Amino acid sequence: MLSTLLKSALGRFRIIAFLEGVSYLVLLGIAMPLKYLAGIPQAVRVVGMAHGVLFVLFVLLLVQVATQYGWSFKKSFLSFFSSLIPFGTFYADAKWFRSQA
């Protein structure tokens, strides 16, 4: 399944969207509590950096996929907005990304 996803731009986008969503949840649910409740700021540095890189990849691949598949501005904007909401990328994958594959 993974090799099939890697063959298309949409598949690569779906993988990055999943990883970006997981990194966001880890940042909000684990790293930030460690920083503010346990006084361990290193967790936010490490997870925050990984999340930042994945977010940039998400945006770049979103532009590629939206252009290649002819997505409307609304679908592209909602896809971007989904990355700002916890669990949003998982909803977007089930609702929009998977139906294109």
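Start by selecting residues 10–96, which UniProt lists as "domain: DUF3817" in an unreviewed entry. The model on screen is predicted. Over residues 10–96 the chain is 87% helix and 0% strand.

Residues 15–34 are 100% helix and 0% strand, with end C-alpha atoms 27 Å apart. Residues 46–71 are 92% helix and 0% strand, and here the end C-alpha atoms lie 34 Å apart.

**Helix α3**

Now select residues 42–69, which make up helix α3.

As you look at their positions, keep one rule in mind. An α-helix has 3.6 residues a turn, so residues three or four places apart point the same way.

Take Leu57, which is found in helix α3. Is Leu57 buried or partly exposed? Its relative accessibility is 34%, so Leu57 counts as partly exposed.

Just after α3, click on Gly70. This residue takes a positive phi of about 65°.

**The nonpolar core**

Show side chains for Leu10, Phe13, Phe58, Val65, Trp71 and Phe97. They are the residues with the most contacts inside the largest nonpolar core, which has 14 residues. The elements that give two or more residues to this core are α2 (9–38), α3 and α5 (88–100). Which of them gives the most? The answer is α3, with 6 residues.

**The salt bridges**

The structure holds 2 salt bridges. For one of them, select Asp93 and Arg14; their closest N and O atoms are 2.6 Å apart. Asp93 lies in helix α5 and Arg14 in helix α2, so this pair ties together parts that are 79 residues apart in sequence. Asp93 is buried, with a relative accessible area of 12%. Arg14 also counts as buried, at 12% relative accessibility.

The side chains of Asp93 and Arg98 meet in a salt bridge, at 3.1 Å from N to O. Arg98 is partly exposed, with a relative accessible area of 48%. With all three residues on screen, you have the network of salt bridges that links Arg14, Asp93 and Arg98.

**Last stop: a loop**

Finally, select Phe87, in the loop between α4 (73–82) and α5. Phe87 has a positive phi of about 70°, although it is not a glycine. Is the residue buried or exposed? Phe87 is exposed, with a relative accessible area of 57%.

Terms used: Residues numbered from 1 in each chain as written. Predicted model: local features only at pLDDT ≥ 70, side-chain atom pairs only at ≥ 80, totals over all residues. Heavy atoms only, no water. Helix = DSSP H or I, 4+ residues; strand = E, 2+ residues; numbered from the N terminus. Buried < 20%, exposed > 50% of the residue type's maximum accessible area, 1.4 Å probe, protein only. Core = buried A, V, L, I, M, F, W, Y, C linked by side-chain atoms within 4.5 Å. UniProt positions renumbered as here; feature names shortened; annotations may be inferred. Salt bridge = Lys/Arg side-chain N within 4 Å of Asp/Glu carboxyl O.
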